[in-house]
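Hi,

Here is the structure I promised to pass on. Have a look at it first, and then read my notes below with the viewer open.

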Amino acid sequence: MELMTDHGFRRTIKYLRALFIISLIGFTLMMLLFIGVLSYAKILGAPPLVVPQSTLYYADDGSIIGESNSGQKRYWLPLEEISPAFVDAIISIEDKNFYNHHGFDIKRIGGAVLADIKAMAMVQGASTISQQYSRNLYLDHGKTWKRKLNEAFYTIRLEMNYSKDEILEGYLNTIYFGNGAYGVQAASQYYFGKNASDLTLAEASLLAGVPKGPGVYSPLVSMENAKKRQQLILNSMVNHQLIDKKKAEAAAAAPIKLVGKHQHTKTGIAPYFQDAVRQQLKSVLNVDEGTIELGGLKIYTTLNLKQQEIAEKTIEKLISDESEIQAGLVAMNPKNGHVKAMVGGRNYQESPFNRAVQAVRQPGSTIKPLVYYAALEHGFTPSTTMKSELTTFRFENNQPEYTPHNFNNLYAEKEITMAQALAVSDNVFAVKTHLFLGEDALSETAKRFGIHSPIERVPSAALGTSGVRMIEMANAYSIFANGGKQVEPVLIEKVVDRDGHILFSKEKPSNQAIKPELAYVMTHMMTGMFDKKLNGYTGVTGSTISNKMTRQYAGKSGTTESDSWMVGYSPQLVSAVWTGYDKGKPLELTVEKSYAKNIWINFMEEALADKPVKKFKAPKGVVGVSVDPENGLLATKDCPVKRKTYFAAGTEPTEYCTDHIAEHEGKKQKNGKQPKPAEGKDDPWYKRIWGS
């Protein structure tokens with residue numbers, strides 16, 4: 001009997017020893033596995049915290065005009081800008097030991113495992129904030145063992161490479177609150193119409209209960225369920241000594257005002273402009289589509305909301321609803337090229353094609369100021385004369401002859417000045433000038449003015465037969481308006497990434513593109529389209545809108561068979577307007593040909609209504625003299641019409657007009673002196689209003 005007992009005891013010891021060895025081996029393997037997992041996690045390094053976030057677009061006053069539209073609202077907010085009451089509420093209900101564990105709460109896990117074993121299914125979770133953040137970033141929300149293991153691995157990587165505050169910040173910015181709102185900022189704006197930094201204890205405790213189940217605990221779904229969950233959270237905060245009982249009771253009883261809509265729904269503002277901004281992000285800044293849509297960028301644009309609204313309403317008001325004619329408008333600040341308003345068509349929903357930046361249309365006579373600027377550089381002046389008559393140009397090398405026609409086939413049948421030719425839009429004068437300079441001159445000049453569309457080297461190019469974009473014309477006239485400084489159209493001032501780093505900031509232009517004195521001479525010549533003193537064989541082209549002007553403008557209109565243009569400016573603002581038919585249908589009605597001018601003057605007057613009245617300032621190297629606009633010579637007291645005209649110093653006329661000496665004073669002065677120049681009482685209309 002004793003032998004049997006001893007044998008049994010030895011066998012028990014043997015089993016225990018084997019069990020111990022197996023357990024030791026198992027423990028060692030587990031430790032090796034654990035160390036291997038940690039080592040592998042360390043080798044992999046920090047997992048990227050790439051969270052889809054809405055990209056926001058801002059106007060020049062900092063207001064939001066739109067955002068990327070993926071059906072999800074996501075805005076990242078630094079932890080220090082989130083209401084402390086909300087942070088405490090979330091931690092107390094979701095993970096009270098968050099700052100004391102390394103990603104896993106062993107006690108909660110143990111309890112959840114027992115519950116799962118009893119139910120023989122995944123019925124209870126014990127996820128910490130770190131685990132939930134891992135799931136939000138990288139995994140789905142299915143309850144499987146494989147997903148749990150992956151979640152644990154990502155949690156280890158997060159805890160090894162990021163601080164607790166970084167993990168908490170990421171979690172609070174990624175949890176889902178229902179209705180497309182991801183993160184506390186989007187949720188706070190949706191439910192309460194305020195930033196997450198401004199949440200009260202009552203609002204914070206109510207909002208903290210929503211992620212448990214937005215379809216159940218959202219106050220917009222069931223206020224009763226939401227209040228029950230709020231009370232649970234407040235009690236938890238009291239138990240963890242985050243607030244006292246008195247504050248909890250006050251928060252539970254506090255009235256809460258719900259909003260229930262997202263704040264940034266202004267995607268309809270300037271849709272053509274926003275499209276152009278997105279295109280510029282891709283083509284100029286090389287930002288990929290994914291980053292634009294869900295990169296959490298902040299795009300600070302140049303758009304002026306007031307001017308944009310004026311532009312849209314002006315076009316809507318002046319063009320009949322029944323008309324199929326299209327319209328576009330671009331407004332720019334000439335000093336820096338900032339695009340302040342853009343209309344690419346009459347209805348974005350019906351046609352998102354952006355005529356302001358995509359359409360290539362014949363500019364007609366709006367190209368003539370570039371022709372005449374090139375002429376000024378080659379020695380022409382506003383008083384240079386050429387004969388206006390029906391002319392056929394014949395060329396060598398079998399080039400076909402060319403006969404330009406004036407509007408209504410009217411010609412002066414005599415010499416006229418370049419200033420008057422521009423004001424009445426004489427086509428013969430423009431073509432003669434173009435051919436005198438050489439057909440390359442206009443093409444090269446256009447490039448200097450920021451026009452990248454190719455200008456054909458043909459006689460008709462002087463009349464705007466080569467297609468250009470509307471935004472190019474606005475840019476070209478901006479160079480005249482700012483005194484000759486190089487600018488380019490700017491839609492984006494700055495791009496900031498989700499972490500606040502500046503990815504792009506537009507530098508201010510500083511180069512001189514053209515001579516300032518000639519830019520001013522050209523500007524003054526372009527005021528002539530509104531000055532009836534330059535009427536000749538036909539009226540100046542701006543006479544129909546000059547009565548609406550309350551300040552000095554320079555500009556040029558243009559008309560082709562199927563295009564109507566008006567481009568002009570004040571010292572503060574440039575705008576280009578185009579109207580026409582997309583498929584090149586001819587403009588037949590007089591009213592169709594007048595749309596562009598009327599839209600332009602109405603827009604300019606209203607857009608500048610609250611701006612000071614400024615005149616164009618003459619730079620050094622410019623001389624202003626009173627001339628007879630009919631012949632460009634220095635005016636005398638006998639000239640019936642006198643107009644102050646500006647010239648580059650040294651190019652002003654020196655000969656006095658003798659065409660209008662009265663008969664009773666018509667005898668030549670015996671001393672041989674020239675007649676005296678005119679006095680100031682007959683100064684031009686714009687000088688009497690704005691000064692010289």
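**What I found**

Before you start, keep in mind that this is a predicted model.

**A buried glutamine**

Let's begin with Gln230, which sits in helix H10 (residues 223-239). Is Gln230 buried or exposed? With a relative accessible area of 1%, Gln230 falls under the 20% cut-off, so it counts as buried. If you skip the neighbours within four places in sequence, Gln230 is in contact with Ala202, Ser205, Leu206, Ala251, Ala252 and Ile256.

Next, find helix H2 (residues 84-94) and helix H6 (residues 164-172). To describe two packed helices, you give the angle between their axes and the distance between the axes. For H2 and H6 the angle is about 95°, and the axes are 12 Å apart. That angle lies in the 65 to 115 range, so the two helices are roughly perpendicular to each other. Which residues make the contact? From H2 they are Phe86, Val87, Ile90, Ile91 and Glu94, while H6 brings Leu168, Tyr171 and Leu172. Sorted by class, this contact has seven nonpolar residues, one charged residue and no polar ones.

**A strand with a partner on each hand**

Last, go to strand E13 (residues 563-569). Seven of its seven residues are buried, so the rest of the structure largely encloses E13. In a regular strand, side chains alternate between the two faces of the sheet. Both faces of E13 are covered: Asp563, Trp565, Val567 and Tyr569 are buried on one side, and Ser564, Met566 and Gly568 are buried on the other.

What does E13 pair with? Strand E12 (residues 554-559) pairs with E13 in the antiparallel sense over six bridges, and Ser557 stands opposite Met566. These two strands form a hairpin with three residues between them. Strand E14 (residues 574-580) also runs antiparallel to E13, joined by seven bridges. Here Tyr569 has Val574 as its bridge partner, and E13 and E14 form a hairpin with four residues between them.

Cheers

Methods
Residues numbered from 1 in each chain as written. Predicted model: local features only at pLDDT ≥ 70, side-chain atom pairs only at ≥ 80, totals over all residues. Heavy atoms only, no water. Axes fitted to C-alpha atoms, helices over the stretch in contact; angles between N-to-C directions. Parallel < 35°, antiparallel > 145°, perpendicular 65-115°, else oblique. Contact = heavy atoms within 4.5 Å. Nonpolar A, V, L, I, M, F, W, Y, C, P; charged D, E, K, R; others polar. Buried < 20%, exposed > 50% of the residue type's maximum accessible area, 1.4 Å probe, protein only. Pairing = 2+ DSSP bridges.
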